[in-house]
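Here are a few friendly notes to read alongside the model.

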2 protein chains.
Amino acid sequence: MSFTRFDRYVERNAQSFIERLQALCRMPSVAARGTGMRNVAEAVEQMMQRAGGGTRLFRLGSGYPIIYAEFGAGAHCFLVYGHYDVQPIGSLSEWTSGPFAAQIIGAKLYARGAANSKGDLVARLAAIEAYQKSFGKLPFCLRYIVEGEDALGSPSLYQFAAEYAELLRAHGAIWDDGYIDANGRLVISLGFKGIAFVELRAHGARTDIHSKWGGIVPNPAWRLVHALATLFSPAGEITVDGYMDHVAPLDEEDLRLLASVELDEEGLKREFRIERWARGLAGPDLVRQLVFGPTCTICGLQTGHTEAGPRTALPGTAVARVDFRLVPNLTPELAISLLREHLDRRGFDDIEISVLARAPVAKSSARSLVARAAAESAAEVYGSDPIIYPLDPASGPVGALCGAVQPPTPVVSFGIGYEGSNPHGPDENIRLEDFIRGIKYFGRVIHQLGRLAQEASAEKESEAAVELQHHRALPMKGATHED
Amino acid sequence: MSFTRFDRYVERNAQSFIERLQALCRMPSVAARGTGMRNVAEAVEQMMQRAGGGTRLFRLGSGYPIIYAEFGAGAHCFLVYGHYDVQPIGSLSEWTSGPFAAQIIGAKLYARGAANSKGDLVARLAAIEAYQKSFGKLPFCLRYIVEGEDALGSPSLYQFAAEYAELLRAHGAIWDDGYIDANGRLVISLGFKGIAFVELRAHGARTDIHSKWGGIVPNPAWRLVHALATLFSPAGEITVDGYMDHVAPLDEEDLRLLASVELDEEGLKREFRIERWARGLAGPDLVRQLVFGPTCTICGLQTGHTEAGPRTALPGTAVARVDFRLVPNLTPELAISLLREHLDRRGFDDIEISVLARAPVAKSSARSLVARAAAESAAEVYGSDPIIYPLDPASGPVGALCGAVQPPTPVVSFGIGYEGSNPHGPDENIRLEDFIRGIKYFGRVIHQLGRLAQEASAEKESEAAVELQHHRALPMKGATHED
C-alpha cells in the first residue's frame, strides 16, 4: 500500500495539527494542582469525536475524567493509551518561556506536556484522521483510552480497569513513552519498569525550633539522613536487605535486544552536562544498567529552611521522596515490604513510609503483533531501523490496562519526543519535525497492525478468536455521560 | 532606692508600652526579604529620641541602617544591643494568626519578632523613659546600638565596629537573648556560643531530569546524604575529623555555674512534644550538653520536589544547611577548615561549602559589673534568684561589639521571652506580663549598674579610667544622618 496520499494529507494539514497541539498545551492540566482538568478532558473528547471516534467520558469517584474512544472495527482489537495531565512545572524561573505559552522557537514547541504527552495524543489522532481520509475505516477496533492522572499514579485508571475489564481485552497495546535518539533513530520499548514511589518522614519537635537546642533535641533531618544512607551505598548499589536477590537473570531475547541498543553516551553527557556516568559505567554495562538495573533514586528532600536568608532552625519534620524503579521479579509490594523490614531491623521504625505511586513491571515479547508492527514501520519514516529496548527504564500504569486480563496484553511504546525534551524538568519541548514524523509513523503502524492481524486471523481461523465483548449499555459517539 | 515611683509609672503607662510594641511588630522587617527595613529603622530611631536619646543612623554600604543612641553620662559606659530585623516567617499556614497582625490572644502577644527581639527593645526604652521620669538622668553613659541584620550574620555591625571602635569602648554590654523559665525564673547568660553556619551544595545533571535515568546519572541528593552522614553519627556525636579535640575543658567557675542551672526537662519535653532527649541524656549531662556541647545541626535540606503530586525527578542540585554552634576553643574559621578537610579526605571535594554566617564564642566572668548587676536585680522583680548560664547555647554578633576592643568587653544577656516563645518558628509570642516585668527589671539593672560603677570608681580612683572617647564630629539628637 502506498502512503503517498496519506503523507500528502499530513503535509497539507501540518500547520493545523501543530495549532491543535498548541491549543491543547495552552490549557494547563497539572494533575497535582487540579485546575482546568475538566476543560482539558472535554477538549480531548471533542478531538476524539472530530477524528471520527465514538467516545465516552468516565469519571470514577472524585478522580479526573477518563476518555474512552473507539475507532474502526474488526476481529482484532488494539488499545492505545494516552494522558492529558502534565507534570508540575517546577521552578518557573528555570523556564525560558511560559510553560503554558506553547511558543515555537527555532522549529521547537516549548510547553509543559508537549513531549509528555500531549504531542503524542494529537499526533496519533491526526494519524487516525489522515488514515481514514486516505484509506477509509480502520481495519480493526482501536480503543483509545486517555487518563488525567498519570502524574498521580493513575488511581482512576486502575479503578476503571477493574470495573470495565471487558473494554480492555485486546491483542496488544500501544503506549506513549519513547523518543528519537541523537542519531535520529526511533526508540521503541517492549514494556516498562515498575515503580514504588514512597515518602519517608521523620519527626522531631512539634515544629521548627531555635537551633540552639540542636545538642539535645532529636533532629529529624539527621535521623532521615542516617536512615537514607543505609539504603544506597556511596558506590551506587541498592543496599536494602535482600533487595538484589529478587532481580531476575536476563534471558536470551533480553540479551539479544540489549546488544542492539545504542546509547549516545557523549551526546547524553553533553545534554545532562555531566562528566561521567554513575559508578564509572560505560558501554554495554551502562546500557544494561539503564535498561535492566533496578534504581533507588532520591527525588526530593525537604526539611527546615533553605530559602534566602540564613535561618538557623532545628526542623520539626524531615521528608524524603524515594523512587524505586522495578525490574523482573521485583513487585511494588515486595519493594515496600523489604524497605520497611530493612528500616525496622536498624531501629528506624519511627520513620513513616507512605506510598505515593506504584505500578508493576510490564514486559512483552518481540514477537507480539504490536512489537512487530512498531518495529517494521519505523525505517520508512525515520530512515533507519529502530532501537528496541527490551524494557523502558521509565514506568507507567501499564498494569492497569494490560494486566486487567490474563495473560497480560502485550504492550509496545514509542513517542515523538527526543533526548532534549526534558519531560520532567523545565523547558520541556519537542521538535516540530518529530511531531509530523510521528503522525506519518503512526499511520503506518495502523496499517501494519491491520495486515498482521489479517495474517494472524487467516492462520488461526480454526482457533478460538479472542472474545471482544462490548459493554452492554455503552452509549457512544457525541453523547457524553459520566459515571 | 525605692522603685515605687518607677513601678507606678510603668503600670500607668503599661497599655501605651504594649501599643508601641504592637505598632513595631506590625511593621514587617524580615531582613532576608528586605522590604520595609528603612521604615522600621526610622521608627526605632524616633522611639530612641522620644526616650531622650541622642541618636544617629549609620548606613554602611548597601546594608540596613544601624541606630546608635546615647543616654545619660558618667565616667562609666555600658553598651546595650538590640536588633529590629526579624526571622523569616517560615510556612504561613503554621501560624494561628498573621505573623504581623500582632494580635493579643489570652494575655499573649503573637507576632514575628515579639520575642526576638522587638519586645526587649521596646521594654528597655520604656525602662529608660520610666527611669528618667522617676530618678532623672542615667548615672552613666548608655550606648544603645540597634542593628537590622541579626538574621543575616550582621555584616554591617562588623563593619560599623571596625570603623567606629571608639564608640564601643565600654565597661560591659547587655545583650537581648534570654527568657523566663518554666518556674518563672529569669535566665541570664554570661556569653554566647559562636556559630559557623554553612551551606553544602552537590551538583548532578544541569537540571532536574526524568528519574528513569536514576541508575546511570549521578544523583546529587545521594551524594549529599552520604557526605552528611560522615559528619555526625547516628549516636549523636560530631564526627568531623579532629573537631572534638579542640573543645576546651571546663574551669571551676563553669562547673559551679553549671551545677546551679536547672532545666525543666519535663516541661520542655511537653513544649517540644518530644518523648526523650537526644542521646538519652538527662540531668546534669543534659544541662552540660546544652550549655557546653558543640552542635552540628542540619537546619535545612532541599532537593527535587516534595510538594503536592508525586513528581519523580532526578534532581540536578541538592542543598543542605548545617549550623555548628561553637564552644571554647572552636572558632568559625577552624570549624570551616576542619569541615573542608574532612570532606576532601573522603573524596567529597566536589561538595561546595559557602559560609552563610559566622560569629566567635563570647564568654564573660560572673564577677563583671554587668553580670553582677543583672544577677542582683532579678529577685526583686521575678521573686527568685536567676538561673545563670555560663554560656548561652544561642549565638549572636557579640564579637562585633565586644570583641572590637581588647580585652573584650564583658557581656551579659537576658530577655523577656519564655520557653514557649518559639522565636525561630511559627506563632512566636510573648506573655504581656513578662514584657511589663522586663521593663521593671531593666530599670533596676540600670540602677544597680550605676551603683556598682560608683563603687568601682571610688575603689579605683587612682587607676587609669577607661578612656571614653566620642566620635569627633558626631552630630546627635534629632539630626538624622547616614554614612
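1. Let us start with a term: a nonpolar core is a set of buried Ala, Val, Leu, Ile, Met, Phe, Trp, Tyr and Cys residues joined through C-beta atoms within 7 Å. Please keep in mind that this is a predicted model. The largest nonpolar core has 327 residues. Which of its members touch the most others? They are A:F78, A:A173 and A:L401, together with B:F78, B:A173 and B:L401.

2. Now pick out A:L401 and look at what surrounds it. Beyond the neighbours within four places in sequence, A:L401 is in contact with A:L79, A:Y81, A:I145, A:A161, A:L168 and A:A173. A:A173 is itself on the list of core residues that touch the most other members.

3. Next, compare the two chains. Chain B can be laid on chain A by a rotation of 180 degrees with 0.1 Å of shift along the axis, and the RMSD is 0.1 Å. That is the relation of a two-fold axis. To find the axis in chain B, look for B:Q302: its C-alpha is the nearest to the axis in that chain, 2.4 Å away. Both copies use the same surface, as 100% of the contact residues of chain B recur in chain A.

4. How many residues of each chain take part in the contact between them? There are 76 from chain B and 76 from chain A. On the side of chain B that touches chain A, the elements that each supply at least two residues include α6 (220-229), α9 (283-292), β15 (317-326) and β16 (352-359). Strand β13(B) gives the most to this side, with 9 residues. Sorted by class, the side of chain B that touches chain A has 40 nonpolar, 26 polar and 10 charged residues.

5. Is β13 (residues 295-304) of chain A mostly covered or mostly open? The strand is mostly covered, with 10 of its 10 residues buried. Within chain A, β13(A) runs antiparallel to strand β15 (residues 317-326), and 8 bridges join the two. Across to the other chain, β13(A) pairs with β13(B), again in the antiparallel sense, over 5 bridges.

6. To see both pairings at one residue, go to A:G300. Its bridge partner in β15(A) is A:R321, while in β13(B) A:G300 stands opposite B:G304.

Conventions
Residues are numbered from 1 along each chain as its sequence is written. Chains are lettered from A and ligands numbered from 1 in the order in which they are written. This is a predicted model: local features need pLDDT of at least 70, side-chain atom pairs count only at pLDDT 80 or more; totals for chains, interfaces and linings use all residues. Copies are superposed by least squares on the C-alpha atoms of residues with pLDDT of at least 70 in both. Two residues are in contact if their C-beta atoms, placed from the backbone, lie within 7 Å. A residue is buried if 20 or more other C-beta atoms lie within 10 Å of its own, exposed if 12 or fewer, and partly exposed in between; C-beta atoms are placed from the backbone. Helices (H or I, at least four residues) and strands (E, at least two) are DSSP runs, numbered from the N terminus. Two strands pair if DSSP finds at least two bridges between them. Ala, Val, Leu, Ile, Met, Phe, Trp, Tyr, Cys and Pro count as nonpolar, Asp, Glu, Lys and Arg as charged, and the others, Gly among them, as polar.
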